[in-house]
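Student: Please bring up the sequence and the structure. I would like to go through them with you.

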Amino acid sequence: MADLSNNLAGIKSPNPFWLASAPPTNSGYQVMRAFEAGWGGVVWKTLGDPIVNVTSRFAGLNWKQNKIIGFNNIELITDRPLDENLKEIRECKKAFPDRAIIGSLMEVPERAKWHELVKAVQDAGVDGFELNFGCPHGMSERGMGSAVGQQPDLIEMVTSYAVEAAELPVIVKLTPNITDIRHCARAAARGGAAAVSMINTINSLIGVDLETWNPIPHVDGKSSHGGYCGPAVKPIALNMVNECARDPEVAIPISGIGGISNWQDAVEFFLLGATNVQVCTAVMHHGFRIVEDMIDGLNNYLNARGLASMSQLIGASQNRITTWENLNLNYQIVAEIDQSTCIHCSKCYIACEDAAHQCIDRNVVDGTAILVVDADHCVGCNLCMMVCPVEDCITMVEVDTGLPAESWKQRTAVSAVGASTGSA
Amino acid sequence: MTSEIIDVLPTRAKLLRGPLDRLAASVRLVSGNDAGRREPELVATLDPVEAALEHPEVPQLGEPIHKPLTDLEVQLEANRCLYCYDAPCMRACPTHIDVASFIGKIATGNLRGSARVILEANPMGASCARVCPTEELCEGACVYKKDDTPIRIGDLQRYAVDHVRNNGIDLFEPGKPSGKRVAIVGGGPAGLSAARDLRLFGHAVTIFEARDELNGLNTYGIVPFRLAYDVALWEAQQVVDLGVDVKTKTRIGVDVSFDALLKDFDAVVLACGMGGVPKLGIPGENLLGVWDALDFIERAKLGKSVGSLGDHVAVIGAGNTAIDALTCSKRLGAERVTMYYRRGEDQMTAYQFEYDFAKQEGIEFRFFCAPTKIIGETHANAVEFVRTEIPKGGGKPAPVTVPGSEFVEKVDTVIRAIGQSRLRDVFEGAGIETDAGVVQVDEQMRTSRQGIWAAGDCIFEKGMREAMVVEAAEQGKIAARSVDAFLGARK
């Protein structure tokens, strides 16, 4: 068994799989079940002044037969009294002392109120805090959640309120509903945060019912924008995690959140810079039991690659992300179609013909379309490979251009030198 | 016994026959005989009392072979389709239905649009969804066939067409009147297909149909558990509703002469199919209990009595109609049902899936044997067979009998299913060139006589064309286009 144990800014858990602050962590009963299933930690459903919720609250984005590739919610923070939540936190921590329990907090930006809330939750025996500066709906209208997370100065200020009272690590959970998340993460670091977590949900409207013309979900015929999460947001989350991981001014660990459904998704987050991951939508879809394969799959993956610890994954691909101007202009790949596995659906042909560079020749022989790449003109865009329904039928093969690596930055720097020389 | 069984079988009432009945009532009832009329043989098959028994409700003869897909199955299948470009399934369909398009429309909930894509290309889309050998056509060409999981195209087609059928949706309107008149001889799939497109082109169309109802073998010759009677009649009604004049119980060459047709109409499309099953040419064929397979299937399908089948039914022949007769007999309650064929299993003309289905239904098979005589006093009670073998050599040599290898099988009912005879006299009387009774046509379905086209089983020639509903539909379309070009009046 590889070492899956995790340490996020001093918060230890037996594995890097946490439940995000959300409906699955709403009660002690649920958290006990989650720990029994094997989750390494939970971020409790956000604590604060109890609110009133509406019905309905959730909606899914389905694609063909795939249910919930995206998930939208307009639920608010906990609707249960603080004392009740704190009592259950104590019970869970007692029953599962090796697991991490993080208190998610939300409060208006007033120092005294934050101090009071932090102390109350600290006394319940949590292992750390997560400040909810992310929820984009409802609470933000009252000056909390993403209303804080969208203003770096507020992030820094409120973080410092919490840090002043906290004797435990403080994680700041960031909203993606901003132009550049690095500014928010830097503010959290300046405020004293031990870590940042991202992404919270994205502003969204899931759709409209074509029969009734009601928005989905609707509350008595009306709706408001919700928070979007689930598998479809993973690419957005990966990019934001990586941007912060590479930023020297952030320089604190990251808990990755956003569309993580299995160990493979988690590995991608680790490779791009996340120290651990938090999961919600996949559990809402399938239940707590999915953690078993997350642990098993990660362990087998590490063993297969000869890695002793999951910590070896963290940030391993982080610096393979750079700016476009640094990419090698002389790197060339072309598509190659394996005729032995081709099923002759012509999807590659029509995609290339209508939407790319008209580089696939199609000849119908005895009723069967034979598809061959015109390698001299293929620009290596990947589109044909992406639309091909057969695994590994279309591969992108590297072509030796005989040219040394050269980026746009280098090429334009050379031109600039040439130009200035010429004018001299 | 048989009629009791029919009585307790599930029935389907509410047939769509009102308009056709009214039409039929206005047409003179005729009698007489020709090669296309099989009624007289029933006298030799059933006693008159039994022959007269008729059931107002049409039996299904047990569970349909293909159950409709559930909504969940439809969504799974429709979304599994890759939406291939210039899809192989479309190329494999004789009517070139844009399969990827109609399945894509199912996936988006556009069922009306889906059905229109199907029926525009194939007016016989409802019956083809049920009787097409899809394994040999669209599904056989599906790119998923490689992994043996082709999309269930036939079942999806049925789902889409059933949507318009069950909801009374009219998809087509006749074209602007051209002032031209076209006669169609035979209201089966080829004739209906031609009629539909000719109406869309704006020509006036009259169908002359020998039988009581339209849609030919779809109505009368395919077992109900494969294609229900009401579906066949609905399909025909869609064409009739475009304003087609229908003369049922009217036979060309008997009730109306060819010359009269040519005089009254600007063009004629022959789509009169084939005749009954030929005689075996052996002693005892006129005994009671000896059937023409098509007569047998028709009576069973219409809920008419077929008398007592006894314990053992022998079907002679190995085509798709033989399979229908076999499985129909089994479902009517015969204890043992056996197919006898003078060639081997590998030379059966039935589709593999039909053969597989017959095996599942508990049919027995005897290869390399041919009947030599049917034995009985007034009713058949045994058949003598002789063993056969296929001489070595190329091609498909005729089987030869093995002298002294005769054997007798106790049999209560004999059904011959050895193909269909040709309506040679009809065509020759009209001065149309035939080859062994097969009407000769060019690629536009034009016969040797100007102004006369032909389509469907009457031009079916082994090795050249397939006797399939979908082929008949395509030929009808081609004939309609050619007639339209000939009339030259369409704007």
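What follows is a set of questions and answers on a sheet, a helix, a loop residue and an interface.

Tutor: This is a predicted model, where local features need pLDDT of at least 70, side-chain atom pairs count only at pLDDT 80 or more, and totals for chains, interfaces and linings use all residues. Residues are numbered from 1 along each chain as its sequence is written, and chains are lettered from A and ligands numbered from 1 in the order in which they are written.

Student: Which residue of β14(A) is the bridge partner of S204(A)?

Tutor: β11(A) pairs with β14 (residues 226-229) of chain A in the antiparallel sense, over three bridges. In β14(A), the partner of S204(A) is G226(A).

Student: What does helix α11 of chain B reach from its first C-alpha to its last?

Tutor: α11 (residues 153-167) of chain B has 15 residues. The expected span is 1.5 Å times one less than the number of residues. That gives an expected 21 Å, and the helix comes close to it, reaching 21 Å.

Student: Is D442(B) buried or exposed?

Tutor: D442(B) sits in the loop between β17 (438-439) and β18 (452-454) of chain B. A residue is buried if 20 or more other C-beta atoms, placed from the backbone, lie within 10 Å of its own C-beta, exposed if 12 or fewer, and partly exposed in between. D442(B) has 10 C-beta neighbours inside 10 Å, so it counts as exposed.

Student: Which element gives the largest share of the side of chain B that touches chain A?

Tutor: Contact means C-beta atoms, placed from the backbone, within 7 Å. By that test, 12 residues of chain B are in contact with 12 residues of chain A. α5 and α6 of chain B each supply at least two residues of that side of chain B. The largest share, three residues, comes from α5(B).

Definitions and conventions:
Pairing = 2+ DSSP bridges. Helix = DSSP H or I, 4+ residues; strand = E, 2+ residues; numbered from the N terminus. Contact = placed C-beta atoms within 7 Å.
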